[in-house]
Every structure is written in structure tokens, then in C-alpha cells.
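Dear colleague,

Here is the structure I said I would pass on. My notes on it follow below.

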Amino acid sequence: MVAGFIVGALITVVQQFGTVPLILRGETYEKTAEKPAASANKPAVTVGHADHDHAGHDHTEAWEPRNGWERNSYTAAANILTAIGFALLLAGVFALRGLVVTWHEGLLWGLSGFAVFTIAPGLGLPPELPGMPVAPLLARQIWWVGTAAATAGGLGLLFLRRAPWAAVLGIALLILPHAIGAPQVENAHSIVPETLSHRFVVAATVTSLLFWSLLGSVTSVAYRYFSAPASVTIPAA
């Protein structure tokens, strides 16, 4: 929990200079696209981070936090809770392995998390700005979860099991989600400039890399000092 709080707070600060300004720009395009869709009163393509269904419903605005302190507070809370959740998962892995984990090893576990939760899903579903056409939410969620699970299993077989069958099965799991393919929108036109979208993908990926690198390292240090087995001798600070 200590590691998650520290990393979540730091990433929130980083986002204010990286992804947040790009998201705010993307929202201007999203609102521009929603106005004609609402006036036409016909189904519209699902857009943005928060999916809006215009088919057969009244076009009432959903609640959202106000820009500024309120919105930043919700973002910080979400980042911290997410970081705490992943840090507890990492600490659980460290405990199951029963070994003293250095920050170098923690960094490697963090990079594995980056590969599982960012790189692999991002190959099929890159980070999207508000206003970009996207496939239905449920289909994207199913593919994303399946890809993350297959990637985690594949990496585990490759690096934690020393057997030819494990290597073959691990590679197959890594390839399988991309062979199936992520759900996409056909013949959809995006009003978001391609350069802005590209900048957001880069910023979101770099931010995620920093998140997982810090989370793996800090969690390993926190685990060593707070949750290590009693039989392990911990040097004085």
C-alpha cells in the first residue's frame, strides 16, 4: 500500500504534463462530434474514453467532475488505488516465491507488468483519445483481458519453467490474441488529427513504462522492509 500510494501520486504529477493536456484537446473534438450526432437523433459511433450510446436514448449529459481541482483529485485517487492494487499483486507474487527480492528484480517484474498490461494489449488496441471511433466496449474489454491473461501466462511459461514444451506453449500464448485480432471499427473516420493521436499513444506508453518501472522497484523495496519473512535478516537502514 505504501508503494502504491507513492507511485500513484508521482504518476498523477507526470500525467499533468503528458497525457492530461492531450486528453483535454481530444475532448474538444469529442464534443464537436457529439453535437451533430445528437441533433440528427440517429445512432452514432462509440467514441472516446467514456463510451456514449446515442441510439434510442435521450441526450442528457452524464455527470462528470469539473475541470481543475475536482477532476485532478478523482484522477489522483484512481491512480493511487490502481497502483495499490497492482502493488499488492506484485507483493503476493514475491511472497509466493519466498525469496528476498532486490529492487533490480522488482524492476524486472515491473517491466513484465508493462509488457502484460500495456505493450501486448496496445498492439491491437492502442490508447485512444476522446473523439476517436472505437469498437463496442464489451468486445474491447474481452479482447484486452484475454490478451493480458495470455501474455502473462506466456511470459510465465517462458521465464519460470525450463522445459521445451513450456517454451512452445508460452510462445503460442503470446501470439494467439494477435492472431485472433482486436475488435476494430470498419470504415470509421476520426476527426482527431493523426499527429495528436500519435502523441497521445507515445505519452501514454511512456507514462505506463514509468509507472511499472517505479511500481516494481518501489514495491520490492517496500516488501523487503515491511513484509519480508521473519527468518530473513534485514540490514539496518
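**Salt bridge**

Arg-140 and Glu-128 form a salt bridge, with 3.7 Å between the closest N and O atoms. The two residues are 12 apart and the pair links distant parts of the chain: Arg-140 belongs to helix H5 (residues 137-160), while Glu-128 sits in the loop between helix H4 (103-124) and H5. Both Arg-140 and Glu-128 are buried. The count of salt bridges comes to 1. Please keep in mind that this is a predicted model.

**Helix H1**

H1 covers residues 2-17, which is 16 residues. From first C-alpha to last it reaches 24 Å, close to the 22 Å expected at 1.5 Å a residue. Its buried residues are Ala-3, Gly-4, Val-7, Gly-8, Ile-11, Thr-12 and Gln-15. Viewed down the axis of H1, these buried residues fall within an arc of 155°, so they line one face of the helix.

**Nonpolar cores**

The largest nonpolar core has 14 residues, and those touching the most other members are Val-7, Phe-94, Phe-211, Trp-212 and Leu-215. H1, helix H3 (69-97) and helix H7 (194-227) each give two or more residues to this core. H7 supplies the largest share, 5 residues. Another core, of 9 residues, lies apart from it and includes Ile-23, Val-192, Leu-196 and Phe-200.

As for Trp-212, its contacts beyond neighbours within four places in sequence are Phe-86, Gly-110, Gly-113, Phe-114, Phe-117 and Thr-118.

Regards

Notes
Residues are numbered from 1 along each chain as its sequence is written. This is a predicted model: local features need pLDDT of at least 70, side-chain atom pairs count only at pLDDT 80 or more; totals for chains, interfaces and linings use all residues. Side-chain values use heavy atoms; hydrogens and water are left out. Helices (H or I, at least four residues) and strands (E, at least two) are DSSP runs, numbered from the N terminus. The expected span of a helix is 1.5 Å times one less than its number of residues. Buried means under 20% relative accessible area, exposed over 50%, partly exposed in between (1.4 Å probe, protein chains only). The arc is that of the directions from the helix axis to the C-beta atoms. A salt bridge is a side-chain nitrogen of Lys or Arg within 4 Å of a carboxyl oxygen of Asp or Glu. A nonpolar core is a set of buried Ala, Val, Leu, Ile, Met, Phe, Trp, Tyr and Cys residues joined through side-chain atoms within 4.5 Å. Contact means heavy atoms within 4.5 Å.
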